[in-house]
Amino acid sequence: MLVNEKVAIEHGLKAEEYRKICDLLKRVPNITELGIFSAMWNEHCSYKSSRLHLKKLHTKGKKVIQGPGENAGVIDIEDGDAIVFKIESHNHPSFIEPYQGAATGVGGIMRDVFTMGARPIANLNSIHFGSPQNKKTKNLLRGVVHGIGGYGNCMGVPTIGGQTSFDSSYNGNILVNAMTLGLVKKNKIFYSKAAGLNKPVIYVGSKTGRDGIHGASMASANFDEKIEEKKPTVQVGDPFTEKLLLEACLELMSGDSIIAIQDMGAAGLTSSSIEMASKGNLGIEINLNKVPCRETKMTPYEIMLSESQERMLIVLENGKEDLAKKIFDKWNLDFAVIGKTTNSKNIELFFNEKQIANIPINILVEKSPMYDRKWKKSKLPKKNRFKKNIFSNLKIKDVLKKIISNPNICSKEWIWQQYDHTVMGDTIQKPGGDSGVIRVHGTDKAVAATVDSSAVYCWAHPLTGGKQVVAESWRNLISVGATPIAITNCLNFGSPENEDNMGEFVECVEGISEASKYLNFPVVSGNVSFYNQTKEMGIKPTPSIGGVGLIKNYKKMMTMDFKDIDNLVLIIGKTEGHLDQSLFARIILDEKNGPPPEVNLFNEKNNGISLLDLIEKDLIKSAHDISLGGILTALTKMCIKGNKGIKLNKPKNLINGFSYFFAEDQGRYIIEIEPKKLKEVNKILDKNSVHHEEIGVIIKNDMIIDEKTKVTIDELKSYNTNWLRNFMN
Amino acid sequence: MKSSVITFPGSNCDRDMDVALKKFGFNNKMVWHDDIELPKSDLVVLPGGFSYGDYLRCGSMASKSKIMQSVINFAKSGGLVMGICNGFQILVESGLVPGVLLRNKYLEFICKNVFVKINNKDNPYFKNLNKEVFELHIAHNEGNYFCTRDQLKEIEDNNQIAIYYCNDNGETKEISNPNGSINNIAGIFNKEKNVLGMMPHPERMIDQSLSGEDGSIFFKNLINNIK
């Protein structure tokens, strides 16, 4: 096939990018080479619009063993143990084919983690759908949940947490972000940097088929009415093979045969081989006739661009081929020596004894385009002044009912009961809490993980929104008694070629960076997903933050369920009554404008660390952070989980009841303490200048809001749990 | 007491079972599906998971594994064989216990705590338990037990039903049936009661920090019965 500008454009490259390729090569590429360029230079693989800004992220810290740039980030959890973790998007394929799209998203992120030598010990996910009224939403939700479960359950890795939201901005572009944590010994971490000349390059795992060709390019473009035609670009998952691949890789990794290892994810054999060689500053030679193929007559172009799943590329020590082959034979997996490392610094491909591609690797990697896209700064919207009379017709019980049965607040049990969350026998906090918690097998330690996003805040003011998501992640970890260590981020945005969307990206990144620096909560891994856009309509900016923390003694883990009658309930952090962008403002007052709540990082840190101190001193019985839906929503969840009621005090604040109960001011938690501990708790909080107030006392069965308002916990439970079940059935 | 846990390709509760058995005093060995001989054992466990991906019928491929002939011979000679979840499906497929396991009634994977009531204590698994209703954990997609009317009569007549799904009071009503199993059946024996297949996972409830501790009661009692 003749290569020209038109063919390049059909491959998703821009005309000027094609000219750059010809200049760099000093010739016209052949079709296989063009395919390789299009795979390496698309947004998904090259980060060409985001690289410049990602440099601003805060990525360093005492606990960071490996920051961004590897298959996943690695943090130190002491005693020679480390946690490998990362979050990744699989948005575009999941919209086209929800089951396989979501399943292979989960498969891909687990591979990223075990590529580094870590056994996956927990999965989480952040999934976002269009409005429940949209006719596609229900099937997409069902397909995605089945896909996530289908893959994770079969792998035997518990899914311990997640987040689900609905918003009409996702009508044409759903989001599926999958996160995995793995456990590894600090001295047994594997990296993707090749080293040494003439080392055998090994292909293991599934055979290569024609599925997923140009998947990464598809994920780097807007959707239009022709998306149905893109179904063949979605990969098909085989979790059983991945389970075998996991066990085989870990078995091989227990020895010293591997120099470098890289999973074949986006852009398959192309990006994995090029990345390994590039990191080692080497060349690589591959004989494509040696690649195990599932289908007949596959061309070099197809072999290089296939995104068939469950495959790995390994650079082995010389002479270890037989030993490695024995292990993969035992697990019934393909094993083939397909090439070697060279000193050419080029990628050289051979097919039927002819050289069919020869490209200097630095052209593909370092010389890949990088854009300083135009972007627009967002102004902080003006605050709303709500007139008193708009509250006068509202009844607090009706408002509460509406809020806790809202799709974005309601119980997601229908979802997480379809995920095996207890396999591996170490899940000590199941989904539905502030964070999922798993023990580090055979030790007293536990790791907490949470995934969060607040698209509405990010949309209203990206800088504040970016900060807020990091702060929320930090709070969710603290609420279970974990010391926050680091985060991974999945940055889901519209088209970077649109100044508004690009502005949202730049400022969210700035916000994330600022908060993570202040809270000493560095970013160690992540990915960017642009072009979550259908024609002109982009999604609300949705950075998903996956946070990980450590509980040194798992017996001190905290949960949110109210424990004992007569215990006191306190609020930590000040309630100012910020209603703009709250769920209350949006669904009760129908007010969509205004700034998100301000994030005061000093208070976040101070309040969080003080709460950890109280937990460490065994002074509190339950804890929960206050987020979407405000105080009354948070209390409702604590009541439902503990099957207890609460009698509330009359708020001392001057603001009206609705503002007090439903405001979404940041940096706040609810805690339960025994009455005899009140003095000591007050003393510690006062000493740390943490604002706190008593809000009520735990009773049986009812939530008593004021003299006139009482609601039973059973009633609250049914409002909270029924919406999703009814919607899906 | 010696136990063996068989690892099939795709098993994923094999380690959990190993941990549980060792915790309660078994000297446990992991046995590879491709082995021919079973080590000397007082108990053989077929663990949960997705053997061979469950791509054919669940448990069907595993029931033809090399090791299964030894397991079948061991069971036929009176040895104790317990299949949990996918292990139960393998037992059914290998003909060691009657019936089949269909896809859950609501076509969804279910992972949650359930209550089960012990129906028959005249066997090495449940003998001497002074508790009738247990809270255990299930996690499966194909746990909907089914058999023909004649088979049902036969297993009832032979007292082969091991456990029923029930509520916390031990009432076996339809509302407590998580997957559509016929008559709320959660586990059954072979005629001789030395082979037990059940969907719930006792190995996931072996300490206070997990979903519960009723699994511990089961394992402690089991090892005492075998001694």
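Is the crossing of α8(A) and α10(A) left-handed or right-handed? Keep that in mind through the points below.

1. The model is predicted.

2. Start with the helix pair. The crossing of α8(A) and α10(A) is right-handed. From α8(A), the contact is made by G150(A), Y151(A), C154(A) and M155(A). From α10(A), P239(A), F240(A), E242(A) and K243(A) take part. Sorted by class, the contact of these helices has 5 nonpolar, 1 polar and 2 charged residues.

3. Now the geometry of that pair. The axes of α8(A) and α10(A) are 9 Å apart. The angle at which these helices pack is about 35°.

4. Next, the chain interface. In chain A, 21 residues are in contact with 23 residues of chain B.

5. Is S271(A) buried or exposed? S271(A) is buried, because 26 other C-beta atoms lie within 10 Å, and the cut-off for buried is 20 or more.

6. Which residues does S271(A) touch? Leaving aside neighbours within four places in sequence, S271(A) is in contact with A39(A), M40(A), C45(A) and A266(A). M304(A) is 33 residues from S271(A) along the chain, and the C-alpha atoms of these two residues are separated by 8.9 Å.

Note on methods. Residues numbered from 1 in each chain as written. Chains lettered and ligands numbered in written order. Predicted model: local features only at pLDDT ≥ 70, side-chain atom pairs only at ≥ 80, totals over all residues. Contact = placed C-beta atoms within 7 Å. Axes fitted to C-alpha atoms, helices over the stretch in contact; angles between N-to-C directions. Helix = DSSP H or I, 4+ residues; strand = E, 2+ residues; numbered from the N terminus. Left-handed = near helix turned anticlockwise from the far one by under 90°. Nonpolar A, V, L, I, M, F, W, Y, C, P; charged D, E, K, R; others polar. Buried ≥ 20, exposed ≤ 12 C-beta atoms within 10 Å, placed from the backbone.
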